[in-house]
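This report describes a single protein model for a reader who works with coordinates. The sequence and structure come first, and the description comes after them.

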Amino acid sequence: MERWFNVGKIVNTHGIRGEVRVISRTDFPEQRYKKGNTLYIFTEQSEKPIAVTVKSHRVHKSFDLLSFEGYDNINLVEKFKGAMLKVPESQLGELNEGEYYFHEIIGCTVVTEEGEVVGTVKEILTPGANDVWVVKRNDGKEVLIPYIEDVVKAVDVDKKTITIRPMEGLLE
């Protein structure tokens with residue numbers, strides 16, 4: 001059975017020409033939303049996902065705005081509000097060395113090079129130059145780990161472990 005991965009949530013329509021406003025949950029929006037790509041819309045009303053082809057993509061404020069081929073009117077996309085955009089596992093594709101899908105990193109245990117357990121990655125922020133991994137510590141506090149070579153020394157997605165060399169002050 002095929003596994004599905006969330007790409008984003010359609011939160012609203014935008015304008016009258018069939019654009020939808022999406023809060024993205026994807027690792028690579030520029031690839032996922034490329035013109036001609038197929039995405040699948042999962043609505044509560046529909047038993048089967050609705051396959052759509054990306055017609056256009058642009059970023060507006062903190063949202064991704066998408067339009068789909070054949071859906072060029074607000075009335076046609078209104079029903080997609082609240083729906084999830086997903087892709088099947090077969091569409092994930094191969095990544096370059098040092099690149100990971102969010103689902104591979106979230107849930108990993110973070111340890112220092114000395115073997116001290118820091119906590120578990122609970123989410124990934126994408127503020128700009130590099131991703132930041134939010135790690136929940138055993139005491140309930142959170143620590144932010146920048147995904148940069150100086151800090152992240154090893155990632156083992158099979159064993160779900162990440163080894164870091166914390167910068168001064170990082171774990172205080």
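## Basis and overall layout

This is a predicted model, in which local features need pLDDT of at least 70, side-chain atom pairs count only at pLDDT 80 or more, and totals for chains, interfaces and linings use all residues. Residues are numbered from 1 along each chain as its sequence is written, and side-chain values use heavy atoms, with hydrogens and water left out.

The protein has three helices and 12 strands; these are DSSP runs numbered from the N terminus, with helices being H or I of at least four residues and strands E of at least two. Along the principal axes, the C-alpha atoms fill a box of roughly 60 × 35 × 30 Å. The domain assignment gives domain 1 (4-90) and domain 2 (102-164), with bounds that come from an automatic or database assignment. The C-alpha centres of domain 1 and domain 2 are 30 Å apart.

Of the 172 residues, 35% are buried (buried is under 20% relative accessible area, exposed over 50%, partly exposed in between, with a 1.4 Å probe and protein chains only). Contact means heavy atoms within 4.5 Å. Among contacts between residues at least 6 apart in sequence, 49% join residues at least 24 apart.

## Nonpolar cores

A nonpolar core is a set of buried Ala, Val, Leu, Ile, Met, Phe, Trp, Tyr and Cys residues joined through side-chain atoms within 4.5 Å. The largest such core has 17 residues, and Leu-39, Ile-41, Leu-66, Phe-68 and Leu-85 have the most contacts inside it. At least two residues of this core come from each of β1 (4-14), β2 (19-24), β3 (38-42), β4 (50-60), β5 (63-68) and β6 (84-88). Another core, apart from this one, has 16 residues, among them Ile-105, Val-135, Ile-145 and Val-151.

Beyond its neighbours within four places in sequence, Leu-39 is in contact with residues including Val-7, Ile-50, Val-52, Val-54, Leu-66, Phe-68, Leu-85 and Val-87. Arg-32, Tyr-33 and Lys-86 are also among the contacts of Leu-39.

## Strand pairing

Two strands pair if DSSP finds at least two bridges between them. β1 and β2 pair in the antiparallel sense over six bridges, and His-14 has Glu-19 of β2 as its bridge partner. The hairpin of β1 and β2 has four residues between the strands, and Gly-15 in this hairpin takes a positive phi near 75°.

β1 also runs antiparallel to β6, to which five bridges join it. Here Lys-9 has Met-84 of β6 as its bridge partner.

## Aromatic rings and charges

Rings of Phe, Tyr and Trp (its six-membered ring) pair if their centres lie within 6.5 Å; planes under 30 degrees apart count as stacked, over 60 as edge-to-face and the rest as tilted. By this rule the count is four aromatic pairs. Trp-4 and Tyr-40 form an edge-to-face pair, because their ring centres are 5.1 Å apart and their planes stand at 70°. Trp-4 is in strand β1 and Tyr-40 in strand β3, so this pair ties together parts that are 36 residues apart in sequence. Trp-4 is partly exposed, at 32% relative accessible area. The pair of Tyr-71 and Phe-80 is tilted, with centres 5.4 Å apart and planes at 55°, and both residues are buried. Ring pairs also link Trp-4, Tyr-40 and Phe-42 into a cluster.

A charge sits over a ring if NZ of Lys or CZ of Arg is within 6 Å of the ring centre and within 35 degrees of the ring normal. The charged end of Lys-86 sits over the ring of Phe-42, at 4.7 Å from its centre. Arg-21 lies over the face of Phe-63, 5.1 Å from the ring centre.

## Single residues

Arg-21 is in strand β2 and is partly exposed, at 22% relative accessibility. Leaving aside neighbours within four places in sequence, its contacts include Lys-9, Val-11, Thr-13, Phe-63 and Leu-65. Thr-112 is in strand β7 (residues 109-112) and is buried, with a relative accessible area of 3%. Not counting residues up to four places away in sequence, Thr-112 touches Val-118, Thr-163, Ile-164, Pro-166 and Leu-171.

Lys-61, in the loop between β4 and β5, has a positive phi near 55° without being a glycine. Lys-61 is exposed, at 72% relative accessible area. Lys-160 has a positive phi of about 55° and is not a glycine either. Lys-160 lies in the loop between β11 (152-156) and β12 (161-164) and is partly exposed, at 28% relative accessibility.
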